[in-house]
Amino acid sequence: MAEICKDIDAGLIALNAAINKLNSNLSGLDKRLKNLERNSNSGNDNSDSGLEKRVIKLENDVLELGGVVKDIIDDLKDLLDAATEHTETANQAQGIFSSIIDFFVNE
């Protein structure tokens, strides 16, 4: 059972790291969006090439975020699998303890 807890802890650590990375990426996107709005309002570098570069960068960031979300989903699946295994192990242990108690009580 300790091994399952270690697996769950490792999964939670991986999930936390993925969430932190996602928050960092979202923060970076938010900063870029604010800069883009600022530049748009001031009329700076609104050429097609400048906008195209920004769009390409945003598309790449979205793809990267998609990978992070996939990693989070995979980590959640691993956590659910570990929780299911933990439940099965706990149920087996409960059955064993019940049999032992019944053996001594009924004797």
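User: What share of the contacts in the chain with a separation of 6 or more comes from residues 24 or more positions apart?

Analyst: In this predicted model, residues 24 or more positions apart account for 82% of the contacts in the chain with a separation of 6 or more, where contact means heavy atoms within 4.5 Å. Local features need pLDDT of at least 70 and side-chain atom pairs count only at pLDDT 80 or more, while totals for chains, interfaces and linings use all residues. Residues are numbered from 1 along each chain as its sequence is written, and side-chain values use heavy atoms, with hydrogens and water left out.

User: Why is Asp74 called partly exposed?

Analyst: Buried means under 20% relative accessible area and exposed over 50%, with partly exposed in between (1.4 Å probe, protein chains only); Asp74 has 28% relative accessibility and therefore counts as partly exposed. Asp74 lies in helix α2, a helix being a DSSP run of H or I with at least four residues, numbered from the N terminus.

User: What makes up the largest nonpolar core?

Analyst: A nonpolar core is a set of buried Ala, Val, Leu, Ile, Met, Phe, Trp, Tyr and Cys residues joined through side-chain atoms within 4.5 Å, and the largest here has 8 residues, including Leu15, Leu22, Leu65 and Leu79. Both α1 (2–42) and α2 (48–106) supply at least two residues of this core.

User: Which residues is Leu65 in contact with, leaving aside its neighbours within four places in sequence?

Analyst: With those neighbours left aside, Leu65 is in contact with Leu22, Asn25, Leu26 and Leu29.
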